Amino acid sequence: MKTLYLVRHAKAVERNASYPDFERELIKRGQKDARQVAEYLVSQDALPGVIISSPAVRAVATARIFARQFNYPSKRIRTRKAIYDQPASTLFNILQTLEEDCEQVMLVGHDPQLTDLARFLAPDFHRDIPTSGLLRIEIEIEHWEELTSGSGRVTLFHFPGAQGAVLEGKAFIKDLERNLSRAVMEVLKEADLVTAVKMDKSVPKFVRELARKFAARVKARAAKKFEAAERDNKI
């Protein structure tokens, strides 16, 4: 299986007719946002083996912030001009030609190319990636040349202002159910071991509905934060 991380560059100075877009630098808030998202990714035990960035100043600066968190030598950050000024189809071609030993790859670039690429690989993804946004796509292939449209699955979407990890799919709910069931059983066993054992099979059913309702509220809350962050990151 291959894992792809898409990272949109952090918030940069605003566009200015007298200042080349390619040279736009990160502002302090952008640096802070990128660092926090990178720290979050490290907390998930994720360590991309290869980082490929647009050569634009704001993208390389973002890639370096992530690299620093992974203890990834900044000299090893690859740059591809196409990530800056070419459509998502070109980024797709870059991925298809990656070396086979690249199991976990991070692309640092710009929108709309990154979002377009994400939707091409994982059609169920319907959002836009905000600045400093991070998307993890897991792909059930052995070789990058096997990469096709729809072959990916989004397993993590994180961005500044997000309320924890926003997991796509059922993994989050399953984890929640498992942890809730374990916690409930521990409390019941302390109160009455015999009764708790008799309810061992019924407790998971009770917590399932609670977990689903909780996950729905977390998702709705994260969606509101995402919309607010998206409005605030239209650069």
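Student: Why is R153 called partly exposed?

Tutor: In this predicted model, R153 has a relative accessible area of 49%. Buried means under 20% and exposed means over 50%, with partly exposed in between. The value of R153 falls in between, so R153 counts as partly exposed.

Student: What makes E138 and R153 a salt bridge?

Tutor: The closest N and O atoms of E138 and R153 are 3.3 Å apart. The rule asks for a side-chain nitrogen of Lys or Arg within 4 Å of a carboxyl oxygen of Asp or Glu. The pair meets that rule, so it is called a salt bridge. It links distant parts of the chain, with E138 in strand β5 and R153 in strand β6 (residues 152-158), 15 residues apart.

Student: Is E138 counted as buried or exposed?

Tutor: E138 has 17% relative accessibility and counts as buried, because buried means under 20%.

Student: How many salt bridges does this rule give?

Tutor: The count comes to nine salt bridges. One of them joins D128 and R119, with the closest N and O atoms 2.7 Å apart. D128 is partly exposed at 29% relative accessibility, and R119 is partly exposed at 33%.

Student: Which residues are linked in a network of salt bridges?

Tutor: R15, D21, R24 and R58 are linked in such a network. Within it, R24 pairs with D21, and their closest N and O atoms are 2.7 Å apart. R24 has a relative accessible area of 1% and is therefore buried, whereas D21 counts as partly exposed at 25%.

Student: Why is strand β1 said to be largely enclosed by the rest of the structure?

Tutor: Seven of the seven residues of β1 (residues 2-8) are buried, so the strand is described as largely enclosed. K2, L4, L6 and R8 point one way, T3, Y5 and V7 point the other way, and all are buried. In a regular strand the side chains alternate between the two faces of the sheet.

Student: How do you know that β1 pairs with β5 and with β4?

Tutor: Two strands pair if there are at least two bridges between them. Six bridges join β1 to β5, and these strands run antiparallel. Six bridges also join β1 to β4, and these run parallel. Both counts reach the cut-off, so both pairings hold. L6 stands opposite L135 in β5, and T3 stands opposite Q104 in β4.

Student: What describes the packing of α4 and α5?

Tutor: Helix α4 (residues 88-96) and α5 pack at an angle of about 65 degrees, with their axes 8 Å apart. The crossing is right-handed. The contact includes L91 and F92 of α4 and L117 and F120 of α5. By class, the contact has eight nonpolar residues, one polar and one charged.

Student: Where is the cis peptide bond?

Tutor: The cis peptide bond joins D111 and P112, with omega about 10 degrees. P112 is found in the loop between β4 (104-109) and α5 (113-121).

Key:
Residues are numbered from 1 along each chain as its sequence is written. This is a predicted model: local features need pLDDT of at least 70, side-chain atom pairs count only at pLDDT 80 or more; totals for chains, interfaces and linings use all residues. Side-chain values use heavy atoms; hydrogens and water are left out. Helices (H or I, at least four residues) and strands (E, at least two) are DSSP runs, numbered from the N terminus. Buried means under 20% relative accessible area, exposed over 50%, partly exposed in between (1.4 Å probe, protein chains only). Axes are lines fitted to C-alpha atoms, for helices over the stretch in contact, and angles run from 0 to 180 degrees between N-to-C directions. A crossing is left-handed if the near helix is turned anticlockwise from the far one by less than a right angle, and right-handed if clockwise. Contact means heavy atoms within 4.5 Å. Ala, Val, Leu, Ile, Met, Phe, Trp, Tyr, Cys and Pro count as nonpolar, Asp, Glu, Lys and Arg as charged, and the others, Gly among them, as polar.
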